[in-house]
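Q: I would like to learn how to read helix packing and ligand contacts in a model. Please take the structure below as the example.

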Amino acid sequence: MVRDEYLVKIRSAREGQKLSSEDIRFLLSTSEREEEIALFEAADAVRKVYVGDEVYLRGIVEFSNCCAQNCLYCGLRRDNRALVRYRMSSAEIIAAAKNARSQGFGTIILQSGEDPWFSRERIVDLIRAIKEETDLTITLSVGERPYADYLAWKKAGADRYLLKHETTSPNLFRGLRPGRELGERLEALRWLRDLAYEVGSGNMVGLPGQTDEDLAGDIQAFIQYDFDMIGIGPFIAHPHTPLAGAANGRLNRTLRVLAITRIVTRDTNLPATTAAGVLDPKGRRLALSAGANVIMPDITPPLYRQHYQIYPGKAQTPADGHGLAEMVSSLGRRISQGPGSRVRSQYI
Ligand code: SAM
Ligand code: SF4
């Protein structure tokens, strides 16, 4: 049964009224399927008005799985000795970028663990080479680095940066990312904004110990920081991490966070995450119907892709090809050929 107050809360969010933490928790915590459907439909309607029917593609090249950090949730963590480590050569990374362009991608994400071997200068050289050889928009996602690195990469031509804050609960953050502090990550996000990158951030849903109050805090941070892209994915337990055996995040809870985020942020870019697709084969399709407008296909060469095991099942995600285009067109949507920058809505 749909409660009137649930529909009223969705309507006030759609009309732009500020949601308190309590309001967000109320929307998140429904156990009524009809209420959830009303939330997803509202998010889909907001998506259509503010970002339209186009689905943006961003190809991800995972160029190194070496990492100096030890995040408890991640299969690339330093102490995971079971992982075969790799670094792609500059020539391989540039070839992957050119290949992405010839496949029709307008933008690529260069992602890695926090790998100091890829120094400021090495990444500058990569950006310059890719910009010389292609007209690709470049997103970097290589973790927390000094301000001077972000500055040098922007000057070399990088356009965007993806750095998920993961959780806005300082205690949860501290427990999950040993030796790191939430404040440092948020500061890095402010630097990136000041340097005029398009900034992507995001969280994981269903982290062990995470409450609805924490998730409400994440959504409030999404509004406060006005991110250009927000990746909202379920936590998936990896067997070779200290969180082995923990419960995975639930898809529907993830979709509720996504839907509320669409309604309150309106014109930001929201991916249907790979992790949602790993939890359920229909996960990305459901996300596209609950507010998402971006897909990030993995275009890492298969030789390396198999070793970029952030969570189980990820490396087995097929490279998308035709299946993706069919899924998007079956929703009455179309794949965009452009770089998919955030277009600020004139309606806000
Ligand atoms: N090292 C960079 C960083 O941490 O920002 C980029 C690579 S990291 C593997 C990319 C993202 O993977 C993280 O931001 C995190 O949200 C996600 N991730 C890591 N472990 C995960 C897990 N077990 N389940 C779901 N997502 C996970
Ligand atoms: Fe390294 Fe990023 Fe994984 Fe943390 S989430 S262990 S920083 S790759």
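Q: In which hand, left-handed or right-handed, does helix 1 pass helix 2?
A: A crossing is left-handed if the near helix is turned anticlockwise from the far one by less than a right angle, and right-handed if clockwise. Helix 1 passes helix 2 in a left-handed crossing. Helices here are DSSP runs (H or I, at least four residues) numbered from the N terminus. This is a predicted model, in which local features need pLDDT of at least 70 and side-chain atom pairs pLDDT 80 or more, while totals for chains, interfaces and linings use all residues. Residues are numbered from 1 along each chain as its sequence is written, chains are lettered from A and ligands numbered from 1 in the order written, and side-chain values use heavy atoms, without hydrogens and water.

Q: At what angle do helix 1 and helix 2 pack, and how far apart are their axes?
A: Two packed helices are described by the angle between their axes and the distance between the axes. Axes are lines fitted to C-alpha atoms over the stretch in contact, and angles run from 0 to 180 degrees between N-to-C directions. Helix 1 (residues 4–14) and helix 2 (residues 21–28) pack at about 120°, with axes 10 Å apart. Helix 1 is therefore oblique to helix 2; angles under 35 degrees count as roughly parallel, over 145 as roughly antiparallel, 65 to 115 as roughly perpendicular and the rest as oblique.

Q: Which residues make that contact?
A: Contact means heavy atoms within 4.5 Å. Glu5, Tyr6, Lys9 and Ile10 of helix 1 meet Asp23, Phe26 and Leu27 of helix 2.

Q: How do helix 9 and helix 10 cross?
A: The axes of helix 9 (residues 212–225) and helix 10 (residues 251–265) come within 10 Å and cross at roughly 30°. The two helices are therefore roughly parallel to each other, and their crossing is right-handed.

Q: What does valine 264 touch?
A: Valine 264 lies in helix 10. Leaving out residues up to four places away in sequence, valine 264 touches Leu19, Ile219 and Ile223.

Q: Which residues come nearest to ligand 1?
A: A residue is near a molecule if one of its heavy atoms lies within 4 Å of it. Of the 18 residues around ligand 1, Tyr73, Glu166, Arg185, Ile236 and Ile310 come nearest.

Q: How far is a nitrogen atom of ligand 1 from a polar backbone atom of isoleucine 236?
A: The distance is 2.7 Å. A backbone N or O atom of serine 112 lies 3.1 Å from a nitrogen atom of ligand 1.

Definitions and conventions:
A polar contact is a pair of N or O atoms within 3.5 Å; within protein, one must be able to donate a hydrogen and the other to accept it, and residues adjacent in sequence count only if both atoms are side-chain atoms.
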